[in-house]
Amino acid sequence: MPEVQLRKRVIIVEEVFHEGGPIAAVPLRRAAALAIIHNPYSGKYVPEIAGFMEDLNPLGLEMAKALVAALGGDPKIVEGYGKGAIVGQAGELEHGALWHVPGGYAMREILGNAKAIVASTKKVGGPGTRLDVPITHINASYVRSHFDSMEVGIADAPKANEILLALVMTTGPRVHARVGGLKASEIKGQDGLR
Amino acid sequence: MRAKIRKIVTFVEETRNEMGKPVNPPTRRAAAAAVVENPFAGNYVEDLTELMEIGEELGAMLIERAVTALGIPGASAESYGKAAAVGENGELEHAAAILHPKLGTPVRKALGKGAALIPSSKKRCGPGVPLDIPLGHKDAAFVRSHFDGMEIRVNDAPRANEILVAIAVTDSGRPLPRVGGLTKDQIKGEDGLR
């Protein structure tokens with residue numbers, strides 16, 4: 001299988017104190033790790049691509065560790081997560097789907113026993129394309145206060161033969177969450193949903 | 001603190017490869033940005049002292065965040081730059097008041113030196129506009145390998161009554177510089193230019 005060729009890594013950390021309402025006692029933090037890699041399948045249709053998922057595992061772990069470090073080093077403060085990919089224009093959407101397994105595996109591995117499916121999105125785009133990475137609670141997808149997203153992207157990626165891979169972690173609910181629904185304190189934690 | 005901060009965002013970029021050629025050591029740059037309330041939004045105000053003082057506070061805070069994000073001592077930083085984006089109810093002069101009179105002093109204090117002008121840019125715009133922060137060597141503005149720029153963007157800022165203020169700092173110049181000119185080992189460092 002092709003080796004992972006990394007061109008660039010980016011870490012983005014947002015710290016939100018308020019959004020017009022009361023200043024949060026503990027600010028919400030969102031962090032994104034982006035990796036820009038060469039797309040080994042760009043330029044032609046390749047039938048068998050699934051093996052590359054395993055090759056991406058070490059990069060996923062490195063990105064998940066970098067995210068926890070960017071949030072202060074303690075995985076216990078992570079409450080929400082998401083992932084995504086932008087495939088450069090010489091590739092296909094299916095190449096972005098290669099990130100589902102390694103991206104999810106990496107965050108579960110680093111966060112311990114996270115039960116919820118990792119929300120995700122993907123697209124094909126040129127350099128500078130932005131991606132709204134969806135975010136949900138790590139243990140129960142229906143926790144309404146933690147439905148969130150983080151816009152990511154960088155000016156010079158992905159080039160045509162590249163894939164931009166993204167992982168996102170957050171430390172809490174939206175800063176002024178107040179639309180009801182399942183609360184984090186009500187999680188049963190059995191099925192990853194509630 | 002005089003500045004009413006809604007949000008702080010940090011960005012770290014690490015370039016490891018260009019056109020298949022390794023960048024060793026990788027070039028790294030970081031930016032820290034704060035989204036603050038514009039106390040003068042919607043009015044023409046003659047005396048902009050309050051914004052100058054906010055600039056001083058933000059200079060100290062943002063350079064500390066950016067250097068910490070790079071994980072280097074301040075004295076090891078090589079280039080720097082600053083920029084501000086004013087929301088639609090403010091004036092370009094508000095960005096000037098934050099950036100130019102007082103922001104630079106705490107930045108230079110944190111970096112140990114900084115004989116060169118801190119290159120800057122500013123604009124008035126809506127939320128999500130990219131900000132291109134110019135970069136130049138901190139001790140000698142003519143060092144050609146360090147002429148650069150870093151694009152950042154915060155999707156929800158600046159709102160109409162806000163100002164987005166950013167400082168960028170690097171531990172290196174461009175990846176693979178090869179267009180000649182003054183090099184960093186030729187710096188005299190007396191006049192801030194050469």
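Which pattern does chain A follow when it is read along the sequence? In this predicted model, chain A follows the pattern β-β-α-β-α-α-β-β-β-β, and its elements are three helices and seven strands. The radius of gyration of chain A is 17 Å, close to the 16 Å that the globule rule gives for 194 residues, so chain A is as compact as a globular protein of that length. Taken along the principal axes, the C-alpha atoms of chain A fill a box of roughly 50 × 35 × 30 Å. Of the 194 residues in chain A, 45% are buried, and among its contacts with a separation of 6 or more, 78% are made by residues 24 or more positions apart.

Chain B can be read in the same manner. From the N terminus on, its elements run β-β-α-β-α-α-β-β-β-β, with three helices and seven strands in total. The radius of gyration of chain B is 17 Å, which agrees with the value near 16 Å that a compact globule of 194 residues would have. The C-alpha trace of chain B spans about 50 × 35 × 25 Å along its principal axes. Buried residues account for 50% of the 194 residues in chain B, and residues 24 or more positions apart supply 79% of the contacts in chain B with a separation of 6 or more.

How many of the seven residues of strand S5 in chain B are buried? Five of them are, so described for residues 131-137 of chain B, and the strand is accordingly mostly covered. Two bridges join S5(B) to strand S3 of chain B, residues 79-86, and the two strands run antiparallel; Ser79(B) has His137(B) in S5(B) as its bridge partner. Five bridges join S5(B) to strand S6 of chain B, residues 148-152, again in the antiparallel sense, and Leu131(B) stands opposite Ile152(B) in S6(B).

The helices of chain B come next. In helix H2, residues 92-99 of chain B, the buried residues are His94(B), Ala95(B), Ala97(B), Ile98(B) and Leu99(B). What covers these buried residues of H2(B) includes helix H1 (49-70), S3, strand S4 (120-124) and strand S7 (162-170) of chain B.Two packed helices are described by the angle between their axes and the distance between the axes. For H1(B) and helix H3 of chain B, residues 104-111, the axes come within 7 Å and cross at roughly 30°, and H1(B) passes H3(B) in a right-handed crossing.

In the predicted model, 17 residues of chain A are in contact with 15 residues of chain B. Which element gives the most to the side of chain A that touches chain B? Strand S1 of chain A, residues 6-16, gives the most, with eleven residues. The residues on this side of chain A divide into eight nonpolar, two polar and seven charged. S1(A) is joined by nine bridges to strand S1 of chain B, residues 5-18, and the two strands run antiparallel. Within this pairing, Val10(A) has Glu13(B) in S1(B) as its bridge partner.

Notes:
Residues are numbered from 1 along each chain as its sequence is written. Chains are lettered from A and ligands numbered from 1 in the order in which they are written. This is a predicted model: local features need pLDDT of at least 70, side-chain atom pairs count only at pLDDT 80 or more; totals for chains, interfaces and linings use all residues. A residue is buried if 20 or more other C-beta atoms lie within 10 Å of its own, exposed if 12 or fewer, and partly exposed in between; C-beta atoms are placed from the backbone. Helices (H or I, at least four residues) and strands (E, at least two) are DSSP runs, numbered from the N terminus. Two strands pair if DSSP finds at least two bridges between them. Two residues are in contact if their C-beta atoms, placed from the backbone, lie within 7 Å. Ala, Val, Leu, Ile, Met, Phe, Trp, Tyr, Cys and Pro count as nonpolar, Asp, Glu, Lys and Arg as charged, and the others, Gly among them, as polar. The radius of gyration is taken over C-alpha atoms; the globule rule is 2.2 Å times the number of residues to the power 0.38. Axes are lines fitted to C-alpha atoms, for helices over the stretch in contact, and angles run from 0 to 180 degrees between N-to-C directions. A crossing is left-handed if the near helix is turned anticlockwise from the far one by less than a right angle, and right-handed if clockwise.
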